Amino acid sequence: RALDGVLTHFDNVVGLHRIKAVHLNNSMNDLGARKDRHANITQGALPLDAIGRIITHPAFENIPFILETPQTDDRGYGVEIALLKELYTA
């Protein structure tokens with residue numbers, strides 16, 4: 001899978017042991033757009049199952065995730081956090 005390839009490359013170049021946190025968001029743009037425009041977890045270019053694979057990947061065990069999505073209030077973050085917890089425990 002693409003995630004494993006990315007993590008292998010990262011490990012070879014930088015080292016997985018250097019990851020201290022993961023900045024998690026979905027993207028309004030497709031891969032290669034060279035833009036960092038965040039989307040809500042369920043509304044971006046990255047499918048929800050891919051996000052699930054990221055948050056459950058063994059390389060990120062015991063690594064904190066920082067959720068950065070364009071919410072307008074705490075309720076929106078709560079909904080996304082609940083969804084991510086559901087994906088994590090599935």
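The model is predicted.

Me: Where is the place of Thr69 in the chain?
Reply: Strand E4 covers 65-67 and helix H3 covers 74-89.

Me: Is Thr69 buried or exposed?
Reply: A residue counts as buried under 20% relative accessible area and as exposed over 50%. Thr69 has a relative accessible area of 5%, so Thr69 is buried.

Me: Which residues does Thr69 touch, not counting those up to four places away in sequence?
Reply: A contact needs heavy atoms within 4.5 Å. With residues up to four places away in sequence left out, the residues that Thr69 touches are Asn25, Ala39, Asn40, Ile41, Tyr77 and Glu80.

Me: In what order do the elements of the chain run from the N terminus on?
Reply: The chain has three helices and four strands. From the N terminus on, their order is α-β-β-β-α-β-α.

Me: What is the radius of gyration of the chain?
Reply: For 90 residues, a compact globule would have a value near 12 Å. The value for the chain agrees with this, and the C-alpha trace spans about 40 × 30 × 20 Å along its principal axes. The radius of gyration of the chain is 14 Å.

Me: How far apart are the mean positions of the positive and negative charges of the chain?
Reply: Lys and Arg count as positive, Asp and Glu as negative. The chain has 9 positive and 11 negative charges, and their mean positions are apart by 5 Å.

Terms used:
Residues are numbered from 1 along each chain as its sequence is written. This is a predicted model: local features need pLDDT of at least 70, side-chain atom pairs count only at pLDDT 80 or more; totals for chains, interfaces and linings use all residues. Side-chain values use heavy atoms; hydrogens and water are left out. Helices (H or I, at least four residues) and strands (E, at least two) are DSSP runs, numbered from the N terminus. The radius of gyration is taken over C-alpha atoms; the globule rule is 2.2 Å times the number of residues to the power 0.38. The place of a charge is taken as NZ of Lys, CZ of Arg, CG of Asp or CD of Glu. Buried means under 20% relative accessible area, exposed over 50%, partly exposed in between (1.4 Å probe, protein chains only).
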